[in-house]
Each structure stands twice: as structure tokens, then as C-alpha cells.
Amino acid sequence: MMLKITQKKGLVGAKQNQKDTMRSLGLRKIHQSVVREDTPIVRGMIRTVAHLVTVEEVD
């Protein structure tokens, strides 16, 4: 299964580890989306920045 991750908020004022996590996911701009494999590693990254992104399941 794949996950579509969309950045909904900016990173101004975010902690450095959250900025690094967003970059690792491939997100740099608000409303930018990426599609990633649903793995425990990606789920952990999403949990770190859950307040900045929305997640949808994609087939």
C-alpha cells in the first residue's frame, strides 16, 4: 500500500528534527505531496510531523 503525504503547514518555528523529517520525506513547500511506501519507518516519520501533514491511502 502507498501513502500520499501532503504538507499543510509551514516549518517556521518548527523544531530542527521536524524540519529534517520533512526533508527526508521529500517535502519542502506547503501543499506539496509525495507518495511513499507504507512502512514502519515512514509511519514513524509521519508521527513526528503529524501536525504539519495530512495522509491519505493510495492504491
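Colleague: What secondary structure does the protein chain have?

Modeller: Remember that this is a predicted model. The protein chain has two helices and three strands, and from the N terminus on they run β-α-β-α-β.

Colleague: And how compact is the chain?

Modeller: As compact as a globular protein of that length, because its radius of gyration is 10 Å, close to the 10 Å that the globule rule gives for 59 residues. Along its principal axes, the C-alpha trace spans about 35 × 20 × 15 Å.

Colleague: How much of the chain is buried?

Modeller: Buried residues are 29% of the 59. The chain exposes about 4,000 Å², and 52% of that comes from carbon and sulfur atoms.

Colleague: What share of the contacts links residues 24 or more positions apart?

Modeller: Counting contacts with a separation of 6 or more, 71% are between residues 24 or more positions apart.

Colleague: Which other residues is Val 53 in contact with?

Modeller: Leaving aside neighbours within four places in sequence, Val 53 contacts Ile 5, Thr 6, Lys 8, Met 22 and Leu 27 as well as Gln 7.

Colleague: Switching to helix α1: is Gln 18 buried or exposed?

Modeller: Gln 18 belongs to helix α1, residues 16–25. Gln 18 counts as buried because its relative accessibility is 12%, and the cut-off for buried is under 20%.

Colleague: What does Gln 18 touch?

Modeller: Not counting residues up to four places away in sequence, Gln 18 touches Thr 48, Val 49 and His 51.

Colleague: On to charges. How many positive and negative side chains are there?

Modeller: There are 11 positive and 6 negative ones, and the centres of the two sets lie 12 Å apart.

Colleague: How many salt bridges turn up in the whole structure?

Modeller: A search of the whole structure finds one. Arg 43 pairs with Asp 38 in a salt bridge, with the closest N and O atoms 2.8 Å apart. Side chains of opposite charge can pair when their charged atoms come close.

Conventions. Residues numbered from 1 in each chain as written. Predicted model: local features only at pLDDT ≥ 70, side-chain atom pairs only at ≥ 80, totals over all residues. Heavy atoms only, no water. Helix = DSSP H or I, 4+ residues; strand = E, 2+ residues; numbered from the N terminus. Rg over C-alpha atoms; globule rule 2.2 N^0.38 Å. Buried < 20%, exposed > 50% of the residue type's maximum accessible area, 1.4 Å probe, protein only. Contact = heavy atoms within 4.5 Å. Areas by Shrake-Rupley, 256 points an atom, 1.4 Å probe, with all protein chains shown as cover. Lys, Arg positive; Asp, Glu negative; His and termini not counted. Charge placed at Lys NZ, Arg CZ, Asp CG, Glu CD. Salt bridge = Lys/Arg side-chain N within 4 Å of Asp/Glu carboxyl O.
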